[in-house]
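Please look at the sequence and the model first, then read the notes below.

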Amino acid sequence: MSGEISRDEVAHVASLARLSVTDDELTTFTDQLCVVLETAAQLNALDLDDVEPMAQPYPLANVLRVDEIVPSLDRDEVLSQAPAAEEGRFRVPPALGEAP
Amino acid sequence: MSSPVEPGLKSAAKLAAAVRAGESSAADALAASSAVIADRDEEVHAFLHLMTERAEAQAAAVDAKIAAGEDAGPLAGVPIALKDNMCTRGAPTTCSSKILEGWHPPYDATVIGRLEAAGAIMVGKTNLDEFAMGSSTENSAFGPTRNPLDTSRVPGGSSGGSAAAVAAGYVPLSLGSDTGGSIRQPAALCGVVGVKPTYGAVSRYGLIAFASSLDQIGPFAHTVEDAALCFDVISGHDQLDATSIPEPLAPTLPNLHDGVEGVRVGIIDELMGEGIEPDVRRRTEQAAEALAAAGAIVDTVSVPATIYGLAAYYLIAPAEASSNLARYDGVRYGQRVDGANVATMNTNTRSAGFGDEVKRRIMLGTYALSSGYYDAYYGKAQRVRTLISNEFDAAYENFDLLLSPTSPSTAFELGAKSDPMSLYMCDVCTIPSNLAGHPAMSVPFGVGDDGLPVGVQVLGPMLQEPRMFQAAQVLENAAASGGAA
């Protein structure tokens with residue numbers, strides 16, 4: 001890792017994360033992310049070849065429960081908190097093309 | 001420095017005992033809490049939302065139980081504040097973000113059910129850095145919280161509102177969440193006790209996720225005893241959290257006053273050097289002396305990888321955050337800014353709803369996880385996490401507990417740390433425990449050169465909360481009897 005990120009890469013990452021950024025914001029964010037990534041580059045000093053990655057601290061695996069139907073959240077209450085709902089479902093704009 | 005605290009609201013244990021004995025009532029305790037909040041919170045801004053109706057109903061239920069001669073629980077009538085990233089059914093839960101404004105969760109977090117069953121009264125939701133990303137509580141969409149001990153200073157963060165609510169005497173107890181120090185650092189800066197439990201000891205169900213492998217809920221209190229009491233109530237297995245530890249946990253309260261005779265305590269060498277203010281270092285050394293005076297065997301210990309904790313954390317936490325915060329897409333909850341199609345609506349919603357720090361971390365995390373960079377950033381940080389954990393394990397072969405400062409400095413002024421990296425440095429002493437999943441807590445131990453509180457951090461190995469609380473109790477006793485003068 002070089003510890004640097006270009007303006008174009010920041011713009012690309014923003015679009016992947018569904019964030020729109022202005023030109024000024026792009027400049028600021030690029031500078032700030034470079035500083036953080038320079039700090040991250042400290043990790044290059046470590047020899048980690050024989051070290052396993054750790055995803056979470058407590059060794060639990062395959063956490064299962066009995067497959068029984070239990071009460072869940074109230075659908076109407078959940079949908080009442082959505083920006084738009086219709087006929088028991090979340091309502092969104094068209095996924096393909098544009099709204100007429 | 002003393003805060004204008006109502007004596008009755010300083011001790012949860014004493015208040016609950018009085019309520020249980022019928023000497024006081026839950027309704028009176030709630031009224032006293034509400035009066036202090038009304039008097040002072042316009043200035044401090046610890047609360048985002050008061051849950052008055054629900055609190056009054058809870059207080060009435062507790063008082064009715066006592067009148068009927070029933071057991072009202074170990075926290076009977078104790079007013080409690082909740083960080084606003086814990087879901088409260090029917091009451092606003094914002095994470096201090098515009099994107100969740102107006103959302104009323106359809107369920108309660110597990111900790112809330114446990115507190116309620118123990119007789120506690122939920123008075124309201126406290127301010128935080130947006131989505132718990134920050135160390136000063138300045139980074140809230142609804143304005144900063146101020147330190148009740150000196151309102152020109154920050155309370156620390158991200159659980160600054162919960163720390164301030166206790167420090168200001170609004171409530172004797174509150175809950176925060178700690179991903180990289182967000183309970184311990186504000187506890188230190190506000191002069192109260194703050195605990196980050198072992199990862200998995202307290203259910204995260206209903207805690208809005210920031211970095212799921214690091215997040216943990218814990219208490220703030222004026223006393224170690226109250227923190228232990230609250231921890232014993234909220235901890236324990238929960239089927240609704242797949243990372244919850246299934247084995248029964250040892251309660252901390254019964255052996256709280258067992259002392260530290262023969263307990264081996266190591267001062268972490270790497271966290272006592274450059275970057276830690278001299279007055280904070282001095283208080284930490286005094287705390288070590290106090291433990292030694294109480295019979296502990298104190299020495300210094302080297303845990304070299306702790307200095308890489310910050311770098312690893314600022315890859316792991318943003319990576320997990322970028323994934324967790326993908327759910328704010330304008331579809332199921334909170335705000336939507338419309339667009340001609342789904343993708344545009346998602347982008348419009350997220351761009352308007354998130355603040356700059358959240359956007360920075362989402363972008364950083366997206367980058368660290370992206371194709372071609374995953375191994376170099378996220379993968380490497382996860383290996384460093386193992387390294388830190390292994391080094392802690394090695395240290396705990398020779399020591400029972402470790403000791404360090406909680407925060408490199410006392411509370412700083414609002415606006416003093418405007419660039420992201422200088423704020424990130426606030427968490428250098430607290431991050432290693434989150435990476436390893438170990439418990440750690442901050443205990444007030446005297447003041448710095450500026451007269452503001454200093455917190456000392458007691459760290460323990462996995463699930464060693466009982467011993468950690470015992471050492472913290474010794475420090476509290478020592479500070480009260482002039483050991484931190």
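The notes below cover the contact between the chains, a pair of helices and some backbone details.

This is a predicted model, in which local features need pLDDT of at least 70 and side-chain atom pairs count only at pLDDT 80 or more, while totals for chains, interfaces and linings use all residues. Residues are numbered from 1 along each chain as its sequence is written, and chains are lettered from A and ligands numbered from 1 in the order in which they are written.

**Contact between chains A and B**

- Chain A brings 47 residues to the contact and chain B brings 57 residues; two residues are in contact if their C-beta atoms, placed from the backbone, lie within 7 Å.
- On the side of chain A that touches chain B, the elements giving two or more residues are helix H1 (7–16), helix H2 (23–40) and helix H3 (75–80) of chain A.
- Helices (H or I, at least four residues) and strands (E, at least two) are DSSP runs, numbered from the N terminus.
- H2(A) gives the most to this side, with 7 residues.
- The residues on this side of chain A divide into 34 nonpolar, 7 polar and 6 charged. Ala, Val, Leu, Ile, Met, Phe, Trp, Tyr, Cys and Pro count as nonpolar, Asp, Glu, Lys and Arg as charged, and the others, Gly among them, as polar.

**Helices H7 and H15 of chain B**

- The axes of helix H7 (residues 224–234) of chain B and H15(B) come within 9 Å and cross at roughly 160 degrees; axes are lines fitted to C-alpha atoms, for helices over the stretch in contact, and angles run from 0 to 180 degrees between N-to-C directions.
- H7(B) and H15(B) are therefore roughly antiparallel to each other (angles over 145 degrees count as such).
- H7(B) contributes B:Val224, B:Ala228 and B:Phe231 to their contact, and H15(B) contributes B:Glu465, B:Phe469, B:Ala472, B:Gln473 and B:Glu476.
- The residues of this contact divide into 5 nonpolar, 1 polar and 2 charged.

**Backbone details in chain B**

- Most residues other than glycine have a negative phi, and most peptide bonds are trans.
- The peptide bond from B:Gly157 to B:Ser158 is cis, with omega near 10 degrees. B:Ser158 lies in the loop between strand S3 (121–126) and helix H5 (160–167) of chain B.
- B:Ser96 has a positive phi, near 55 degrees, and sits in the loop between strand S2 (79–83) and helix H4 (110–117) of chain B.
- B:Ser96 counts as buried because it has 33 C-beta neighbours inside 10 Å (buried: 20 or more other C-beta atoms within 10 Å of its own, with C-beta atoms placed from the backbone).

Technical notes. Buried ≥ 20, exposed ≤ 12 C-beta atoms within 10 Å, placed from the backbone. Parallel < 35°, antiparallel > 145°, perpendicular 65-115°, else oblique.
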